[in-house]
Amino acid sequence: LKVNQSLQNIRLGNNQIGDEGAKSLADALMVNKSLRIMDLKGNNIGAEGAKHLGVALKVNQSLQNIRLGNNQIGDEGAKSLADALMVNKSLQDMDLDSNNIGDKGVQSLA
């Protein structure tokens, strides 16, 4: 993804990517300009992985849809993603279904 500039959709749902894998994908998102959809649902991504993705989303301006449902992002991870949403101008759809996000996380996103 760091060098590929034609791929528009990557579906990696229901694997075991975890926080380290999310960091690797976030590093790629920092430079990729073609990806529009990234599906990472069901991958054991926690707050640390969400933090890395949030940093990438502050820079990336091509991604329109990120699916992060069924992970373990929690309140801290939701805050990292909310911070990214204040800067990102391309993202249109973010799925955070089933992520143990409580009141604090929702307040960050609101």
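This is a short tour of a predicted model, from the whole chain down to single residues.

**Stop 1: the whole chain**

Show the protein chain as a cartoon. Its secondary structure comes to four helices and four strands. Start at the N terminus and follow the order of elements: β-α-β-α-β-α-β-α. Now display the C-alpha trace. Along its principal axes, this trace spans about 40 × 30 × 20 Å. The radius of gyration is 12 Å, which agrees with the value near 13 Å that a compact globule of 110 residues would have.

Which contacts tie the chain together? Take those between residues at least 6 apart in sequence: 88% of them join residues at least 24 apart.

Switch to a surface view. The accessible surface of the chain comes to about 5,700 Å². Carbon and sulfur atoms account for 48% of that surface. Of the 110 residues, 43% are buried.

**Stop 2: the nonpolar core**

Select Met-38, Leu-40, Leu-53, Leu-63, Leu-68 and Leu-81. In the largest nonpolar core, which has 23 residues, these six touch the most other members. Color residues 18-29 (helix H1), helix H2 and residues 74-85 (helix H3): each of these helices supplies at least two residues of this core. In soluble globular proteins, nonpolar side chains tend to be buried together.

Next, center on Leu-53. What does Leu-53 contact, leaving aside its neighbours within four places in sequence? Pick out Ala-22, Ala-26 and Leu-29, then Leu-40, Leu-68 and Leu-81; Leu-53 is in contact with each of them. Leu-40, Leu-68 and Leu-81 were also in the selection that opened this stop.

**Stop 3: Ser-80**

Move to helix H3 and select Ser-80. Is Ser-80 buried or exposed? Its relative accessible area is 18%, and buried means under 20%, so Ser-80 counts as buried. Show the residues around it. Setting aside neighbours within four places in sequence, Ser-80 is in contact with Ala-50, Lys-51 and Gly-54.

**Stop 4**

Why does Val-59 count as partly exposed? Its relative accessibility is 44%, which falls between the 20% limit for buried and the 50% limit for exposed.

Key:
Residues numbered from 1 in each chain as written. Predicted model: local features only at pLDDT ≥ 70, side-chain atom pairs only at ≥ 80, totals over all residues. Heavy atoms only, no water. Buried < 20%, exposed > 50% of the residue type's maximum accessible area, 1.4 Å probe, protein only. Core = buried A, V, L, I, M, F, W, Y, C linked by side-chain atoms within 4.5 Å. Contact = heavy atoms within 4.5 Å. Rg over C-alpha atoms; globule rule 2.2 N^0.38 Å. Areas by Shrake-Rupley, 256 points an atom, 1.4 Å probe, with all protein chains shown as cover.
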